[in-house]
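Student: I have a new structure to read. Could you take me through it, feature by feature?

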Amino acid sequence: MPLKVLPCTTLDYPRSVEVERRAWAQGPFTKILFPGPFPEDMAELRAQEIAKQVEEDPTTRWLKVVDTDLFDPDKGIAFAKWHVYADQPANTGRSRSFGEGCNIEACEFVFGGVSKSRDSIIGGKNFVYLAILATDPDHQRRGAAGLLVKWGVEEAKRYNLPLYVESSEAGHELYKKYGFKDFELYEIDMSKWGIAQPHRSWGMVIETEAKAPLTVVTMDDSTVGATTVVQPMPR
Ligand SMILES: CC(C)(COP(=O)(O)OP(=O)(O)OC[C@H]1O[C@@H](n2cnc3c(N)ncnc32)[C@H](O)[C@@H]1OP(=O)(O)O)[C@@H](O)C(=O)NCCC(=O)NCCS
């Protein structure tokens, strides 16, 4: 199983969208956050949006993992979007919008606070940031995502920059394996939508010795919703 990391071209973006959708479909919250129905051309529009983003933002590195033994050796089995903020500070100000098919209230609840916290941790600073990571469920636990995480860790070493990711439950062990440490826990009560299990994600970092240590950011309830718990992790 020779897995290889390659940069994506425009031809890869439709497959990247498909892999992301298939990977997240397994999650317990996806049906609540993205119940649909979605516009028929949504995947196509998203692929076009990715191409535009990559063209306009020189910090973006959209990568794929291929398996050269597969019938189609160019087909991505896992994808990552890294931002390398080496020459310019992180601009995390672009607000995420939730369109047709999304449960806007739930999405704001789950992603709104986390994105504010991200702004305060990496906004305006030089960082390497992992924004997207997904492996096709047919190819999970084969080391594909690990290769993509390792790529970013090595890139950060090359520039002597710290790294940041918001980890899902599924990614948590993976990031720990590559040296990320919990920085904050975001725990969101989803009982309003009939799920007893809280939605949990972690702000995780790898710091560099050369840089000043990060300061822990806490958020007040008024910004993120009364049932959101943002808990700085012991460090
Ligand atoms: C998280 C995800 C990207 C992992 O992809 P993957 O290609 O299967 O990961 P790897 O095979 O490289 O895993 C490497 C190691 O990470 C850990 N790991 C990966 N998936 C794990 C899981 N579901 N549970 C626990 N540990 C896991 C293991 O230590 C694994 O090593 P092992 O298989 O030798 O035990 C994939 O499960 C996915 O796409 N999930 C849905 C989307 C998501 O949560 N993305 C992360 C966003 S932050």
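Predicted model: local features only at pLDDT ≥ 70, side-chain atom pairs only at ≥ 80, totals over all residues.

Tutor: We begin with the chain.

Student: How many helices and strands does the chain have?

Tutor: The secondary structure comes to 7 helices and 8 strands. Of the 235 residues, 33% count as buried.

Student: What do the contacts in the chain join?

Tutor: Take contacts between residues at least 6 apart in sequence. Of these, 76% join residues at least 24 apart.

Student: Which residues have the most contacts inside the largest nonpolar core?

Tutor: They are Ala78, Phe127, Val128, Tyr129, Leu148, Leu163 and Tyr164. The core itself has 42 residues. Several elements give it two or more residues, including helix H1 (13–25), helix H4 (104–122), strand E4 (128–135) and helix H5 (144–159). Strand E3 (76–84) is also among them. E3 gives the largest share, 6 residues.

Student: Which residues does Tyr129 touch?

Tutor: Leave out residues up to four places away in sequence. Tyr129 then touches Trp82, His83, Tyr85, Ala90, Ile122 and Tyr164.

Student: Now a helix. Which residues of H5 are buried?

Tutor: Start with the general idea. An α-helix has 3.6 residues a turn, so residues three or four places apart point the same way. In H5, the buried residues are Ala144, Ala145, Leu148, Val149, Gly152 and Ala156. They cover an arc of only 150° around the axis, so they sit on the same side of H5.

Student: Which exposed residues are on the face turned away from the buried side of H5?

Tutor: That face carries Glu154 and Arg158.

Student: What span should H5 have at 1.5 Å a residue?

Tutor: Its 16 residues should span 22 Å. The end C-alpha atoms are 24 Å apart, which agrees.

Student: Next, the ligand. Which residues come nearest?

Tutor: There are 20 residues around the ligand. Thr135, Gln140, Ala145, Gly146 and Leu174 come nearest. Ala145 is also one of the buried residues of H5. H1, E4, H5 and helix H6 (172–177) each supply at least two residues of the shell.

Student: How many residues of each class does the shell have?

Tutor: It has 9 nonpolar, 7 polar and 4 charged residues.

Student: Last, the backbone. Where is Arg141, and what is its phi?

Tutor: Arg141 is in the loop between E4 and H5. Its phi is positive, about 60°, although Arg141 is not a glycine.

Student: What follows H5?

Tutor: Asn160 follows H5. Asn160 lies in the loop between H5 and E5. Its phi is also positive, about 55°, and Asn160 is not a glycine. With 12 C-beta neighbours inside 10 Å, Asn160 counts as exposed.

Student: Which residues does a cis peptide bond join?

Tutor: It joins Gly36 and Pro37. Omega is about 0° there. Pro37 is found in the loop between helix H2 (30–33) and helix H3 (42–56).

Notes:
Residues numbered from 1 in each chain as written. Core = buried A, V, L, I, M, F, W, Y, C linked by C-beta atoms within 7 Å. Buried ≥ 20, exposed ≤ 12 C-beta atoms within 10 Å, placed from the backbone. Helix = DSSP H or I, 4+ residues; strand = E, 2+ residues; numbered from the N terminus. Contact = placed C-beta atoms within 7 Å. Near = placed C-beta within 6 Å. Nonpolar A, V, L, I, M, F, W, Y, C, P; charged D, E, K, R; others polar. Expected span 1.5 Å × (residues − 1). Arc of directions from axis to C-beta.
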